[in-house]
Every structure is written in C-alpha cells, then in structure tokens.
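Open your viewer, show the side chains, and follow along stop by stop.

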Amino acid sequence: MISVFDLFKIGIGPSSSHTVGPMVAANLFLTSLLKQSPLTTIKNIEIELYGSLAATGKGHATDTAIYLGLLGHTPSTIDTRLTGEYLAPIFADKQLNLSGEHIIEFDSERDMYWYDDTVLPYHPNALTIRALLTDGSKYQQTYYSVGGGFVINEDDANNPDEDHASPTIDIVPYPFNTAAELLEQCREHDLSISELVLANECHYRNQADIFSYLDTIWEVMQDCVTQGCKNSGILPGGLDVKRRAHDLHNQLCAEKDLPIAKTDKLAAMDWVDLYALAVNEENANGGKVVTAPTNGAAGIIPAVLHYYRDFLTDYNQDGVRKFLLNATAIGSLIKQNASISGAEVGCQGEVGSACAMAGSALAEIMGGSPAKCLNAAEIGIEHNLGLTCDPIGGLVQVPCIERNAMGAVKAINAARLACRGNGQHFVSLDKAIETMKQTGADMSDKYKETARGGLAIYADNRIPTATRGVSVNYSQC
C-alpha cells in the first residue's frame with residue numbers, strides 16, 4: 001500500500017509530474033552528488049529533458065522548477081510569492097547558487113537541452129542532470145517523474161521489484177494488491193476501508209502524526225480554494241485564459257439568499273464547480289496545491305470534500321480524515337496496477353483516478369459499505385476511460401481546469417449511484433483499472449501530454465507567435 005504521506009503531497013503548480021517531480025529530482029541529485037564530491041568541486045551543471053518533459057516542459061515550468069530545486073528549495077516549503085527573486089540571478093546574471101552555498105556560471109540557453117523526440121525506455125517523463133567537476137570528471141543521474149510528484153532514479157527503474165517509495169506491502173497488518181483483496185480484508189476483519197488504511201499507516205507512524213498530516217492536507221486544500229476565489233485576472237502562458245472562480249464566487253454569494261438558490265435542486269453543483277475551478281486556477285498560476293493524486297487533477301478531491309463540508313449534515317474533522325484515508329486506498333491500487341501519469345496513460349490516469357478516489361471516499365462518508373465504495377471507484381474510472389491528456393499550449397489550463405469541475409461532479413454522482421445499489425457491478429474495479437492501463441498503452445502518444453494532438457493542436461492558433469516555445473515565468477503571476 002502506498003502511504004497517504006506519499007500520495008497526498010503539498011507542492012506547487014502547475015504540474016506534479018512536470019513541476020513538482022523535476023524539483024524533487026534536483027533535490028535528489030544534490031543529495032546524491034554530495035555523497036561523491038563537495039559542492040565546491042562543481043564547475044558547471046547540464047540538464048537534459050526527454051519525452052513529455054521536453055515537449056510540454058516550457059508551459060509546465062519544468063526548467064524553472066529544476067533551477068529552484070538546485071537552489072535548494074523544495075515543493076512543500078518554497079514561498080511561491082518569492083520565486084521571481086530566487087530565479088533572478090539565473091536569468092539576469094547567469095549564476096546558479098547551488099543549495100545557496102556555491103555559485104557557478106549557468107546559462108539556461110546553453111546548459112538546458114530539450115529532447116522532445118527522444119523517449120527513454122522506462123517512462124516518458126525523464127531528465128538527466130550532469131555535474132562537470134573541476135578535476136575534469138563528470139557525475140550524472142537520470143530520473144523519471146512518474147506522476148503525482150513520485151520520482152525514481154535509474155537504479156530504481158532497473159530494479160522494479162524493489163519499492164523505494166513506500167514500506168513493503170507484506171508486513172503491514174492488512175496487505176492488499178488488488179481491490180478484491182482489499183474487499184476481502186475489510187470483510188474478514190469487519191473494517192471500513194479508512195479503518196484498514198489507518199491500521200496499515202499506524203504500522204509505521206503513530207496515529208497523532210497521521211491525523212496531524214491529514215489535517216494539514218485539508219487545511220492546504222481549503223486555503224487553495226480560498227485563494228482561488230479571491231484572485232482574479234489572466235493566467236500566464238499566452239492563452240489569455242481569464243480566471244473564473246472569483247466572479248463565480250461573487251455571483252453565488254450574491255444569490256445565496258435569493259428564492260432561486262432555495263428552489264434550484266442542483267445549486268450545490270455550482271459550488272462544486274467553483275471549488276474545483278478555484279483550485280485548478282491556483283495550480284495553473286503556479287500556486288501551492290496538494291497533489292491529489294496529481295496537480296492536473298488537484299481540484300477534484302478538494303471540491304468533493306468541500307461538498308461534504310458545506311452540503312452534508314454530518315461534517316466533522318474525523319470524516320475528513322476517513323475521506324482521505326479511503327481515497328488513499330483507491331489511489332494506491334491505481335498507481336500500483338496502472339498509472340496516475342497523464343504522460344503515460346492520458347488524463348484517464350489523472351482525472352479518472354481522482355474521480356475514482358473521491359467517489360469511493362464520499363461513498364464511505366455517506367454510509368456506504370466497502371463494496372459500495374469500490375463500486376463508486378469503478379464508476380469513476382469506467383466513465384473516464386480513454387480520456388486524453390491534450391493541454392493546449394502544454395499549459396495546465398484548457399481543458400484541464402474545467403475538466404476538474406466535471407470530474408468532481410461525476411465523483412459525487414458515482415458515490416450516490418453506488419450507495420443506492422448493493423455494491424455489485426458488472427465490471428469490477430480491478431478490471432476497470434486493468435482496462436485503463438491497457439487503454440493507455442494503446443493510446444497514441446500525441447494524446448499523452450505531448451501537446452501534439454487533440455485539443456492541443458489549437459495552440460498554434462491561440463498563442464501569440466512571440467510567446468510560443470517560451471518558458472512560462474510563474475513568478476510574475
């Protein structure tokens with residue numbers, strides 16, 4: 001089981017695989033390098049991006065994320081309001097201060113290489129960082145950003161049977177590799193999905209620490225929605241996409257006490273749309289978000305949690321914890337048996353996974369049995385199968401922001417459908433996950449976060465010529 005500490009991570013926008021992961025990779029590189037040689041022996045740094053990281057990296061701020069990581073910043077602690085200040089010496093003075101301790105010459109035009117036509121064997125999201133040392137030798141590492149901020153190095157990729165991200169599954173109290181095994185464990189031990197996940201988490205950490213982390217994740221999600229509702233203007237990148245959450249929030253607040261708000265049976269869905277839009281506009285603006293399980297799909301789980309908070313009668317903090325623990329089980333199953341990476345399987349792996357996670361979690365909150373929760377998760381995946389990842393201009397804006405609103409509403413409906421049933425469904429969750437994996441394998445690469453097909457082909461007509469292929473400076477947002 002992948003831990004809740006791994007699956008839900010505090011990071012920055014606009015992408016968990018293309019922004020958070022590369023920043024993590026830069027951190028890992030410095031840590032690894034320091035075991036071989038002191039910083040003072042480094043003369044220069046070279047960076048190579050491959051596949052999807054190169055194809056859409058400029059719109060995803062992949063390059064600046066790596067620079068920030070080499071400066072010593074981490075996704076969870078960086079102050080996104082100061083990224084412009086952090087990056088200024090790189091672009092103005094062509095200097096890179098490694099870990100804030102050793103300044104080297106660095107030219108982003110000369111030392112950053114973009115190989116969008118080259119895909120390394122293990123995963124489409126690959127990067128190599130190379131240090132040229134004063135004695136003439138070189139030290140390099142290749143990393144794969146496999147979705148959701150997860151990063152593995154070349155050694156991990158060459159030894160796939162070793163799980164470096166989480167504790168080994170065979171020693172937790174209630175191990176499961178499939179949804180069928182999860183359901184059997186719940187039935188045998190009379191546990192809900194959230195209770196089972198909590199017991200497994202407690203095998204490695206005390207309950208107070210787990211609850212504290214879950215509470216922090218929920219606080220960041222709520223703050224992200226609040227900021228998204230406050231902020232207005234145009235999103236960066238050249239598409240001139242106007243932020244909608246601010247105006248929508250004002251409209252809904254103004255209508256709150258009007259007769260229409262009391263008679264419209266679907267008014268809650270307008271708020272769910274708002275919550276999702278707010279999060280993903282913050283993400284598109286390079287703000288602080290929670291990977292849930294990715295940045296591209298970061299609005300779905302917060303939106304459904306806000307629906308629980310604002311429209312169900314039994315909201316409490318314990319319910320939020322159960323929600324996130326339940327969602328962890330579903331996300332773990334999908335990541336282990338398929339993928340949560342848009343570059344690997346398309347957006348079905350991002351929005352589809354988040355929809356399944358939120359649907360299952362809400363079903364438990366609504367009193368659904370483990371069987372009904374898995375039914376809700378299956379509905380969430382089944383009705384996102386084949387969903388392509390085709391962001392216009394390589395930016396996490398169109399169709400990504402609106403797609404989260406649709407995914408959140410779909411998750412709520414999945415939970416309601418499942419809770420009205422008996423937990424049985426014609427297609428099992430395991431079959432749906434396997435189908436998603438196979439569909440992703442069959443999908444053309446142009447529909448997997450390369451900005452070469454689908455809606456993304458409209459980029460040339462929408463982005464001003466002067467800004468095409470130019471990295472987005474999210475520090476100016």
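Before the first stop, one term: a residue is buried under 20% relative accessible area, exposed over 50% and partly exposed in between, using a 1.4 Å probe and protein chains only. This is a predicted model, where local features need pLDDT of at least 70, side-chain atom pairs count only at pLDDT 80 or more, and totals for chains, interfaces and linings use all residues. Residues are numbered from 1 along each chain as its sequence is written, and side-chain values use heavy atoms, leaving out hydrogens and water.

Select Phe106: with 1% relative accessibility, this residue is buried. Rings of Phe, Tyr and Trp (its six-membered ring) pair if their centres lie within 6.5 Å; planes under 30 degrees apart are stacked, over 60 edge-to-face, and the rest tilted. The structure holds 10 aromatic pairs. Tyr67 and Phe106 make an edge-to-face one, with 5.3 Å between centres and 70° between planes. Tyr67 belongs to helix H4 and Phe106 to the loop between strand S4 and helix H6, so this pair ties together parts 39 residues apart in sequence. Helices (H or I, at least four residues) and strands (E, at least two) are DSSP runs, numbered from the N terminus.

Next, select Trp271 and Tyr275, a tilted pair at 6.2 Å and 40°. Both sit in helix H13, four residues apart, about one turn of the helix. Trp271 is buried at 14%, and Tyr275 is buried at 4%.

Finally, pick Tyr50, Tyr113 and Tyr115: ring pairs link them into a cluster.
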